[in-house]
Amino acid sequence: MSASSNEFAGGVYVPRQRAASVVDFESRGSEVQPMLELDQVLESIRATAYRWDFNSDTIEWAANASAVLGGVDISKLHKGRAFALHIDPEHAGARYDGVTGGPHAAPGAALPYTLHYRLLPEGRRGKSALWVEDLGVCFTDADGRPVLAQGTLRVIDDRRERDRAHLAGGQDELTGLLNRTQLTAELSNLLSDAARSPMNGAFLLAGVNDLTLINETYGYDVGDELIAIVGQRLGRVVRGKDCLGRFSSNKFGVVLHDCNADGVEAIARRLMAVIGDSIVDTSVGAVAATVSVGAVLLPEHASSAQNAMGHALQTLDEARTSRGDQFCCYVPCERQESERRRNVGIADDIIRALNDRRMMIALQPIVTSRSHEPELYECLLRMRRLDGSVVSASEFIHVAEQFGLSKLIDYRVLELAVDLLRATPKIKLALNVSATTATDPQWMAALEGFTGKDRTLTERLTIEITETAAISDIKAATKFVSTLKALGCRVALDDFGAGYTSFRSLRELGVDMVKIDGSFIKNLGTDAEDEMFVRTLIDLARSFGVVTVGEWVSDERTVKLLEKAGVAYMQGYFFGAPELQRDEPELKPAKPAG
């Protein structure tokens, strides 16, 4: 498999360069015998066939599907949304996008696709898993919407094992350098040698800056070209006794032998210069590139390969965010080290909670002004620990963001919310998404997959994005909002007032609701400036036809001030604390004012 290495890491790969081999169901009509013969051929290569009608979300399967796909009950997989729940959550969104061509698919086209993903025959609560190759073609209508997909699913566990064996051989597929496994082994060897006899060494991480922007501007193929060329250039300045390898998509690691602190800095600056001092020639022309470098001295500041890589990642982040020098060497700090160990432990807890399905949602009512009746409920994240205690998101979400776990959490919360919408037909929910999710097409595909684009579900769902996330990339946020609204969802701008959204930006975003930041609400009645600011925000939103929500409402005086100012909805402990979702939701009325 020759996947674009900086596009997906072991997930769904979506190439567009070769036509698919598909089964033409229509040409066979109702002839039973040819289909049986084809089933036998397909089964001999562990493959089956399907046809997916998007208008009805119906999937027709070849008769051998159950036998090929690990004994899955195929009678339960005749809907696209049901099949999506038997795909690894990390791959489900990208799989839908890969089949349909994404939100910008060509109109009236036949789009071939080849996808690799993990299929879960027993569902997401089961233990079995199969890697499959999904090979087919999707037909779109005049507006670019998917109409029909037909293709084959082939079990490729044996091929995945060969791929793993190839990578375990020590070579990175794209650059030809050491892969991460072999680089880690070299780092471990250096530390083992240092434990036996005194010596100096170091581990460096060189990260290509702005690779995401380069991918978006020129395409992933050019991004891969750039990575390969950067690897070649770095190899020119690395000493013969040192080891260079690809650490991750845009990062290269260097294991330095017999090198003191001055030598480490000198080599780091050579690495930065060999990339930044001249342009990179690619197939689309010249591309400017730079690298930042983080380093850790060994064995002085790390006793294991894992610690060395962690310190190097930390210093690389510091180098990237510094306004001046793009090189940073690790300096021990007991407070920072204690905080790092604590955060690593929290990150492990988050991952285990996701795997054990111990992430839950608590519901807090958002009530209408005057009547104080619940209009919808906000889904607030909670995590149940192994000891049975439950903690709010505020205790772990910052670590999730730091360790790149926000997307996984958002997928899980989305799944829980959609399940609750199905189980409780009258409920309306509001759901927060992180800043990274707000620009993630895979999350949008997961939303479509979980709901099956069923408007009886999506029209009861409000998606909340923070104001600071929206104004950081107004173009991407506007696209995100318009796509959600096209699906039937409402969109709310959370923490309104904290990011100082301009009048023009509010109109451009096109949200349905703004939630006034609670820091301005909590001082109503005691702070005249906050009162004036809140009234201004409410008037501004009303002028654009956008309804408002007052957050953090804690007392009757605040209720009366907000109602006098013209707020449409209110939320806070005065009307009800968040309550954990039960298997059979019991939705209590909000606490009446007065």
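Reader: Are Trp-61 and Phe-83 buried or exposed?

Author: Trp-61 and Phe-83 are both buried, a word for residues under 20% relative accessible area, with exposed meaning over 50% and partly exposed in between (1.4 Å probe, protein chains only). The model is predicted, so local features need pLDDT of at least 70 and side-chain atom pairs pLDDT 80 or more, while totals for chains, interfaces and linings use all residues. Residues are numbered from 1 along each chain as its sequence is written, and side-chain values use heavy atoms, without hydrogens and water.

Reader: Which residues do ring pairs link into a cluster with Trp-61?

Author: The cluster holds Tyr-50, Trp-61 and Phe-83.

Reader: Why is helix H15 called roughly parallel to helix H18?

Author: The axes of H15 (residues 441-451) and H18 (residues 474-487) cross at roughly 5°. Angles under 35 degrees count as roughly parallel, over 145 as roughly antiparallel, 65 to 115 as roughly perpendicular and the rest as oblique, so H15 is roughly parallel to H18.

Reader: What makes E2 and E3 edge strands?

Author: In the open sheet the order is E2-E1-E5-E4-E3. Strands E2 (58-61) and E3 (110-119) each have a single partner strand, so one side of each lacks a neighbour in the sheet.

How values were computed:
Axes fitted to C-alpha atoms, helices over the stretch in contact; angles between N-to-C directions. Helix = DSSP H or I, 4+ residues; strand = E, 2+ residues; numbered from the N terminus. Pairing = 2+ DSSP bridges. Phe/Tyr/Trp six-rings, centres within 6.5 Å; stacked < 30°, edge-to-face > 60°.
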